[in-house]
Amino acid sequence: MAAVLQVLPCVARAPLRPLLSGGPVVRQASGMALAEQAQQLFESTVGAVLPGPMLHRALSLDPGSGLLKVRDRSFQLRQNLHLVGFGKAVLGMAAAAEELLGQHLVQGVISVPKGIRAAMERAGKQEMLLKPHSRVQVFEGAEDNLPDRDALRAALAIRQLAEGLTADDLLLVLISGGGSALLPAPIPPVTLEEKQTLTKLLAARGANIQELNTIRKALSQLKGGGLAQAAYPAQVVSLILSDVVGDPVEVIASGPTVASVHNVQDCLHILNRYGLRAALPRSVKTVLARADSDPHGPHTCGHVLNVIIGSNALALAEAQRRAEALGYRAVVLSAAIQGDVKSVARFYGLLAQVAGAHLTPPGTAASMEQEEQLHELAAELQLPDLRLKEALETVVGAGGPVCLLAGGEPTVQLQGSGKGGRNQELALRVGAELGRWPPGPVDVLFLSGGTDGQDGPTEAAGAWVVPELASQAAAEGLDVASFLSRSDSHTFFRCFRGGMHLLHTGLTGTNVMDAHLLLLRPR
């Protein structure tokens, strides 16, 4: 997210238990700490969307006939299959694809995060790694999820492979979260540095993923249907692991195999909104000025089949099942949480207050005013799939532990030069909100984690908090408000209680946005 502050002398403790270790997730609930249960549920969320199983659910190959089935479509393979991919989950997806497709795969090029192969090797995740004599060439780049020269080289190699295909070929495209940063190929005369600077400025001013990708597509050779155009006349099948609210295929990784529906006026509107139009370099103005004269028409992607094979909703459904196995009444609130992180934190704080009161004797019930505030804030956030009424009804009838689950991608507007990520920022803000009211005879815990295992430019996936966080931090000489004022959530969590509230998973090999867990347990 931002530059690193001088590291404070804090020593992070090990997490409560190794995560994503492949061992059993669900154990007897009695005697287990709430934090350990929350981390187990996060692990199950990630485990539901690991690339290998998802790809095998989407593809099937008849070895005798060479017929490849993708959902309800069939393709004839005759050593005519080529593969490209880009994203945080693509290494594991490519390994599974090559194992399934065998000799039919002629060649492949994938662009994956810097260091991911070494990370998978250290974690013993052999299923995420390509075989020694793989036909797939691997490029690593986009350190800290930012486009760089290594990612640019990968993008140009992917373009070269696509442009060499014929009508007899089939191109399998593997796409996951992080794909935009791993497929940078700016339209000349725009340079990689100019495009990167513009993207950083937009993100720092609060632009959401849809707005960022609209600008990226307008300045890219391969996004917004550009890869599909390059591969024509070959048939193209894209298998997509969604990291975007609502799973819009034109937005995920900036839609390289989907015809763009945006025009230059959309771009100018976004740039005006964030006060950046006047500061554009001449190269960007040149590309935008000529964009409407050569649009990506819808006809350019008629040879493409786009298939969503995994999403945040799928991951949350698995976490719900695991929570129920642990004895919780569980409800998925939304898989589309978005909006300013401050408003989202306030929503979770009010939700915990209202839900916690429903789990306690009538004398401690939340006021009608607080419940009204919760519904008003929910309306302001405009979450299309929010099941707030159902969640509160479940809490009222629970009579025991409750787990409220959600996912999405809130937006953080940077306020200083600190270090953090949206999950740690959200957790810290929710912790501050939880401390504003006495919890009564109910234990409350909130966890926010990125399913890719990396929250911003940090080694943590996220963090978890309890209502006592602010008072415990004050006792250690840590002022929550001060850290929030400079967007320095990671430094706070590294220092607070020796780092034990940080969520450490390492790179998971998948990515379906973030998961939020709110656990409430009557004492």
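The legends below describe close-up views of a predicted model.

Residues are numbered from 1 along each chain as its sequence is written. Local features need pLDDT of at least 70 and side-chain atom pairs count only at pLDDT 80 or more, while totals for chains, interfaces and linings use all residues; side-chain values use heavy atoms, with hydrogens and water left out.

View 1. Domain 1 contributes 18 residues to the contact and domain 2 contributes 20 residues, where contact means heavy atoms within 4.5 Å.

**View 2. The area buried between domain 1 and domain 2.** The buried area is about 1,300 Å², with carbon and sulfur atoms giving 58%. This term denotes the accessible area (1.4 Å probe) that two parts lose on being put together, summed over both. On the side of domain 1, L507, G509 and N511 lose the most area to domain 2, together 37% of what that side buries.

**View 3. The salt bridge between D452 and K88.** The count between domain 1 and domain 2 is 1 salt bridge, defined as a side-chain nitrogen of Lys or Arg within 4 Å of a carboxyl oxygen of Asp or Glu. In the salt bridge of D452 with K88, the closest N and O atoms are 2.5 Å apart.

View 4. D488 is buried, at 1% relative accessibility, whereas R486 is partly exposed at 28% (buried is under 20% relative accessible area, exposed over 50%, partly exposed in between; 1.4 Å probe, protein chains only). The side chains of R486 and D488 form a salt bridge of 3.4 Å, N to O.

View 5. R346 pairs with E433 in a salt bridge whose closest N and O atoms are 3.3 Å apart. R346 belongs to helix 12 (residues 341–358) and E433 to helix 15 (residues 422–434), so the pair ties together parts 87 residues apart in sequence. R346 is partly exposed, at 32% relative accessibility, and E433 is buried, at 11%.

How values were computed:
Helix = DSSP H or I, 4+ residues; strand = E, 2+ residues; numbered from the N terminus.
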